[in-house]
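Q: I have a new structure open and would like to go through it with you. Can you put it up?

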2 protein chains.
Amino acid sequence: MTTIYDLAKKTGISKSTISRVVSGNGYVSSQKRKIILDAMHEMNYIPNQVAKNLRSKHTKNIGFLVNDYYPLVGELVNSFTQIASQYGYNVNLYFTKTSENEIHTLNLLTTKTLDAVFIALRINSWDTIGSYAKFGPIATWQRVKHPHIYSNFIDHYPIYYRILEHLDKQGYKHIGHVLSEYRNGNTQARVRAIKNFIQKHPDSKQSYQFYHGQNGVGEFAAMRWLQDKNHPQVMMAFTDYVAAEFIATLKKNGVKVPEECLVIGSDNGEIARLMDFPTIDLCFRNQMHNGFIYLYNQLNSADLPFESQNPRWVDAD
Amino acid sequence: MTTIYDLAKKTGISKSTISRVVSGNGYVSSQKRKIILDAMHEMNYIPNQVAKNLRSKHTKNIGFLVNDYYPLVGELVNSFTQIASQYGYNVNLYFTKTSENEIHTLNLLTTKTLDAVFIALRINSWDTIGSYAKFGPIATWQRVKHPHIYSNFIDHYPIYYRILEHLDKQGYKHIGHVLSEYRNGNTQARVRAIKNFIQKHPDSKQSYQFYHGQNGVGEFAAMRWLQDKNHPQVMMAFTDYVAAEFIATLKKNGVKVPEECLVIGSDNGEIARLMDFPTIDLCFRNQMHNGFIYLYNQLNSADLPFESQNPRWVDAD
DNA sequence: TTGAAAGCGCTAACAA
DNA sequence: TTGTTAGCGCTTTCAA
């Protein structure tokens, strides 16, 4: 591997001058520059990024942390990585799995193995996570208010309430909700929307359940629906994948969807389009984009503008 | 940030001794070890990985390269990352997009920003890619025979041929194939299977088309199917996602699936399970696993065993 | 406009 | 068992 030192030896020019042309900082006469450039080509020089990292104390690596894999994660990390690479950042993907491991990954901030971190789904408390913000910026799309964590969250309340009204007008008087863990800020927003809705519409029936994790949730909820003689006419799921699993389970048991049960997802992921069920676009793509922009702005004292985030109902065609 | 130097100053013990207890290499008396450990705790010491990287000339980073995003990529990178993290490796995700950018990413091998590289989907020729193998091991799941690139590919020929026979016995005499780009080794294997099958079964009709990329392919192929008066009774797609899109498009146009057209995917991804269509399990999970194992073995002169890879037909239930 | 020298934080050969 | 020293490859003062 060619180093800057080899170049110096070969050309008889000092390391510092070479460094100047490589990095593009500082003055170098055009004769010397040419000699150096030629030598770089000839010797196939590629600057050692690791050495740069040690000096500059940053790596242009951003960690993308999720507790576990579920289908939306692919789309999430895709959106995030696309924009990151446009700005010259690498994305390191971590499935944290356990709370110790999440801490371990967060620790990579301390030595700038990671310049910054995006939390897609967390394990530890936000306070614990936030305590790492002194080592590098932290962003999330989750609903949090924390002094040291940036969140470009979407408030699910208004869109959720609006959908309930919409369904009510269409004559759906019994609605079921598959909700995520209660500690989740937007789960609470949804519960508030449901409760307020019931107050205004006492003739309407709303039933809801909370679930941890995502694997098998749709199937489990569907089994409950099947067993329940008095099941809802509409089911709303907290993510498309759960809706998809719900639908699949119902269909396997001979239930006609949406005729016998309308199922509505959240996220507007690929799967909703493919399986053709209605969903709520909660703008995760823009959220990923903006999450990165925040991180970038922090890291580079820049002021790149954010994209707007407008959740909307996406009906099946 | 606490460094080994701070620790030395604080305890009055030399940097090297400290390094020994931090890294766990070499002898240190238990008294000194205790003093150091205490100081480490007290000062909240975390070793600087970047400095280690510069010394050791490796980073425990493995690059996962794909040309672009499509739904299976999430599952691919998930399988790969899971096993990688078990062995202490980080995974850097790159959507290469252009050939220059793929080269640029491959260049990260030269300075060990990346220790090794896994190619999920490539852009440049295998020869070009293989020329980087001198800087670090390269693996892929694609079908290649190249002296410097490890490939744990599955031969699609036998399973594909077997499925054609199976379908034939079931009375399907007209089968359509949606195939990937022709330069792909397994596309060619599939074509061979089809051609040989026709020879043995002259009463059978097989029609096939090649497609570049993946976005919109399923929809496009479905439109052709719809326009074709004499359309196949079965369609085989080169990946589940394309099958899913094909099915979705057919259904939107009022075609009953599988009654009017049986659609068969490839990969056995999540979407096949959810949409409940038959598919071929080509063991990508094991392929990702084994791809990593190869890289690990190369990097660490180890000899970890591979998992077996047995493709099989997965019928819808 | 250029070069010498110091240093980023860590490890390892060598000497003690 | 421990410390001294050199050095990984690069950048950046500082002085010339």
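Q: What classes of residue make up the lining of the largest pocket?
A: The lining has 24 nonpolar, two polar and ten charged residues. Here Ala, Val, Leu, Ile, Met, Phe, Trp, Tyr, Cys and Pro count as nonpolar, Asp, Glu, Lys and Arg as charged, and the others, Gly among them, as polar.

Q: Before we go on, what sort of model is this?
A: This is a predicted model, in which local features need pLDDT of at least 70 and side-chain atom pairs count only at pLDDT 80 or more, while totals for chains, interfaces and linings use all residues; side-chain values use heavy atoms, with hydrogens and water left out. Residues are numbered from 1 along each chain as its sequence is written, and chains are lettered from A and ligands numbered from 1 in the order in which they are written.

Q: Back to the pocket. Which residues lie nearest its centre?
A: Lys251(A), Val257(A), Met275(A), Lys251(B) and Val257(B), out of 36 lining residues. On a 1 Å grid over the protein atoms alone, a pocket is an open set of points where a 1.4 Å probe fits, with protein on both sides within 12 Å along at least five of seven lines; lining residues have an atom within 4 Å of a point.

Q: And which elements give two or more residues to that lining?
A: In chain A they are helix 11 (240–252), strand 9 (262–266) and helix 12 (270–275). In chain B they are helix 11 (240–252), strand 9 (262–264) and helix 12 (270–275). Helices (H or I, at least four residues) and strands (E, at least two) are DSSP runs, numbered from the N terminus.

Q: How much space is in there?
A: About 1,100 Å³. That volume is the space filled by probe spheres set on the grid points, which are joined across faces, edges and corners.

Q: Which polar contacts reach its phosphates?
A: Among them, a side-chain N or O atom of Ser29(B) is 2.5 Å from a phosphate oxygen of DNA strand D. For Ser14(B), a polar side-chain atom lies 3.1 Å from a phosphate oxygen, and for Asn48(A) a polar backbone atom is 2.9 Å from one. A polar contact is a pair of N or O atoms within 3.5 Å.

Q: Last topic: what does UniProt place at residues 3–46 of chain A?
A: The unreviewed entry has the feature "domain: HTH cro/C1-type" there. UniProt positions are given in the numbering used here, feature names are shortened, and annotations may be inferred rather than shown by experiment. In the model, residues 3–46 of chain A are 70% helix and 0% strand.

Definitions and conventions: A polar contact is a pair of N or O atoms within 3.5 Å; within protein, one must be able to donate a hydrogen and the other to accept it, and residues adjacent in sequence count only if both atoms are side-chain atoms.
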